Amino acid sequence: MALPVEEWRLCAARRWAALEPALRERLAAASLHDTLRLGCGLLRPEVEAAALRRLCRRARAGKEPAAARFYREEGNRLFGRRHYGAAARLYSQAASHELPGSPEVSVCFANRSAALFHLGHFEACLEDIARAESHGYPDRLLPKVLLRKAECLLRLGRLQDAADALSVAENKIATDEIVTNPTRQTLLKKLSQLKIKIHEKESCPEPVREACGDIQRKSEILEENNSISGASSSLSLNFDAERGRHLVASQDILPGQSLLKEEAFVSVLCPGESFLLQDSSETAWDTRVTNADLYCHRCLRQLLASVPCRGCSYAKYCSQNCADVAWEQYHRTECSLGALLLTLGVFCHIALRTVLLAGFEEVSRLVEWSHGGEKDLYNPQARCKHLGEAPDARAGTRVIPGCNDNGQYQSSYQAVFNLLPHAEKHSPEHKFLCTLSVVAICRQLQEAGLEGVVLNRESSEKCSKPKTCDKTSGELSPELKTMAEAMLRHVLQLQCNAQAITVMQESGSGDGAVVNKKPVRLATAFFPVLSLLNHSCCPNSSVSFTGTAATVRASQPIPSGQEIFHCYGPHQCRMRVAERQQLLGQYFFECRCQACLDELESDVKSVVSMRNSFCCPGCRASMQVGEDMLCCSNEACAISVSRESLSHRLQDLQQQIKKALELLRGRKADQAIKMLLKCQMDAGNFLSPEHLLMGEMEDHLAQVYATLGKWQEAARHLERSIQIVEAHHGPSSVEMGHELFKLAQILFNGFAVSEALSTIQRAEEILSVHCGPQSTQIQELQEMKTCLLELPRSILQRT
C-alpha cells in the first residue's frame, strides 16, 4: 500500500474541497516550500488530526499481551498437529507482542526452538535456546530445553559441545527439586539415549563430505565505473533536456553481462493487509502470513527465527545486529509512529526514513540550496542549468544533476534529492494529500518529544522511551518544517522513481516436490543510480534483487552507443500499446520507444491482441474486432457475437479455474483435474489457442498431476504451457526460464534423466542472463544436475 488508506484520502479531499478557491489556487501554483508553509496550518486538531487518530487505532503495531497469548496457543495447536513451519511463525508473532525480557517471551523462543528443531534448522534452534535462557526461561522447564540443545549440537557434529551441554542438563535434573518424578524419568531416558549417540559418533566418526554449494559457480566480475558508483566501466552517464540523465553503452555488451549493482539508499518493507483492520470493532487476531512475518525489516533476508523490536509488534529482524543497526539509524524514531506510518502508507514511510538516514545537516543544506532556484525548477532548460551548478560544484564547472563536485554520480542523498519530484505535474489534490500527511508525521514527532532525535541532537540511549513534549500548539519548529519540506519532495518523487523490490516466492502450500514460484513485491525503495535508466516497453536489461541490493544485467546484445533501458512495468509482451500508454501516464511522459512507435504506426494488430483474442464459437477462426460486436474472420461462417457476452464467458471461466485451485489446496486433486479439463474444453470454444489463459490452465494441470506423482502427465501439460509462454514472451525471456525451472523439477522427480539434464541446461542459460549465476534457482538447478550425474553409469545409459 503505497498511498494512505482510503478513509484518510477522502478526509483530505473533503478538506481540499472546503478551502477558499483563492487558497486552492495559491496551493496549486505554490513551490514545495510555500506549499508546506501554507499546509502547516490546514491540519485541524479537532477534525483531520482526530480522524487520523481514529484510523491509527485500527493498525496493529503495539505490544498486546492478549495477542501474544492467542498466537502462542495457536502455535501450540499447530505444533501438536506437526505443522512445524506454521507453528514457528505463530510463535514469532507471539514473541513480537510480548514485553522484552519477560518470562513469557522466553517461552515463545523456547517453543519456537522446538519447531525449528523438527524442521531441521539446528543453528537457528540453538540461537532461540540462547534467547530463551537470556530472557529468564523458567527453571522447571529448562532441562528439556538443555537436552534439545545437546541434540542440536550432536546433529551438527559438535560432539564435545554436545557432551558439555548434556553434563549441564544432567546436573540440572539431579539437583532441581521442581522436576517431578515422572518428568525426571522421561528426561533421564532421553539423557541416556543422547549419551549413547554421542559415544557411537565418537567411536565411528562420519566421513567428511565435501561441500557442494560452490558447484560450477561463476564469479561475476564487475569493473567499476570511475564516474558512476556501482556501475560497470562499460557504461557512461549522459544528460540532455529531452531524456534527462541516462546511461549509454560505451562499448559492446553481451547478454548476461552485469551492468550495475546498487544497494538501496532506503527501502521499506510492504506491510500486509492484516495490519489494518476494516472494522474497528473487529477483535479476532489475524493469522495470515505476510511479508512482515517472512522477511527482515531492515535487510529483507528471509526470516527463520525473527528478533522482535523492543517497542513495537510490527518490526522484526533476522538478527540482533540488524535490530540494533535499524534502531540506531531510524527505528528509534519510527517505533512509536508505527500505527501512523501504516495508515499513511509506504511512500510517506520512505520519505521519513530517507531524511532520517540522510541526517538533518545534509537535508537542511540541500533544502536551502533548492530555494535558490526553485522558481526555475518547472522549466527543464532552466532546471538543467540550475541543477548543473550543484552545491558542492567548484567554480566554473558544470556537472550533471546529482553529481558531486568531482563529477561522480553516487548512491547518495544528494542524488536522491535531485530526482525529479514533478511537483508541477501532480494534481493539486494529490499534493495537498501528501502535504497533510507529511505535516501529520512531523506533528506526531514533535508531540512525542522526538524532535531532538530527528535533528540528531540526542543519542539513542536517551530515547528508548518517547517523551511528552511541552509544545502542544501544533506549530512546527523551523527545523521540522525543513525536514517536512524534504519529505514532501520525496513523497512526490516516489511516483516516478520508486523501485519495487521483488522476490520469487512460493505459491500454494509449498510442501510438494515441485515448487511453483511467482514474483512478489516485497519492498519499495530509492535506488538513485538505477533511477538513471529510462523506460522502454521492450527493454534491453533485466533487474534482479538480493536483499536490498539490485543488479542490472544486459538481457540482449547492446552495441556501443545504445541507451540502456529498463521496463517500468508495461511490457509489449503483456499488454497492448493503448494499455501501456495509459499506465505510463503516472510517470508524466508519453512513451516513444521503438515497440510503441511500431505498434502505433502500423495497421497490424499487436501480437498481444492476436494471441489473447477470442475465436469463433462456430468454426474457431479468429474474431475481427468491432465496437460492440465481434465478427468471424471466416467469410464462409460470418458468425457475430457481442463483446459483452464473450467477456462474461471469460469471467465465468476464470471463476471456475479459481474454484479448481481451491479444490487443489484442499487436497482434492481428482476433482480439481476434472474441473480444469472441463474449463479447458470450454475455453477452446471461444479463446485463441495461444491465449495466456490456455497456458495457465496447462500449468495448473501440470501442478495437480505433480502432486499425484504422475510425472509424465505433469510434464506433458507443462510443455504445452511452455509453448504458449514462448509465443508470448520469447525463447530467451525470464518467463521462459521460470517455466523451464518447473519442468526440470518435474523431469527430475520423474527420473527422466536425459530430458531433465537438457532442460536444466536450457533453464540455466536463460536464468543466468536475467538473474545471475548466484541466484537461488540456478543453485537448485545445479544441485539437481549434480545429483543426476552422480547416478551409476548403467542407469544413465538406460534413460
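**View 1. A network of salt bridges links Arg 112, Glu 127, Asp 128 and Arg 131.** The model is predicted, so that local features need pLDDT of at least 70 and side-chain atom pairs count only at pLDDT 80 or more, whereas totals for chains, interfaces and linings use all residues. Residues are numbered from 1 along each chain as its sequence is written, and side-chain values use heavy atoms, with hydrogens and water left out. A salt bridge is a side-chain nitrogen of Lys or Arg within 4 Å of a carboxyl oxygen of Asp or Glu, and the structure holds 30 of them.

**View 2. Glu 48 forms salt bridges with Arg 15 and with Arg 44.** The N to O distance is 3.7 Å for Glu 48 and Arg 15, a pair that links distant parts of the chain, with Glu 48 in helix α4 (residues 45-56) and Arg 15 in helix α1 (residues 6-18), 33 residues apart; helices are DSSP runs of H or I with at least four residues, numbered from the N terminus. Glu 48 is buried at 1% relative accessibility and Arg 15 is buried at 10%, where buried means under 20% relative accessible area, exposed over 50% and partly exposed in between (1.4 Å probe, protein chains only). For Glu 48 and Arg 44 the N to O distance is 2.7 Å, and Arg 44 is partly exposed at 28%.

**View 3. Arg 77 and Glu 74 meet in a salt bridge through their side chains.** Their N to O distance is 2.8 Å, and the two residues, three apart in helix α5 (residues 65-80), are separated by about one helical turn. Arg 77 is partly exposed, with a relative accessible area of 40%.
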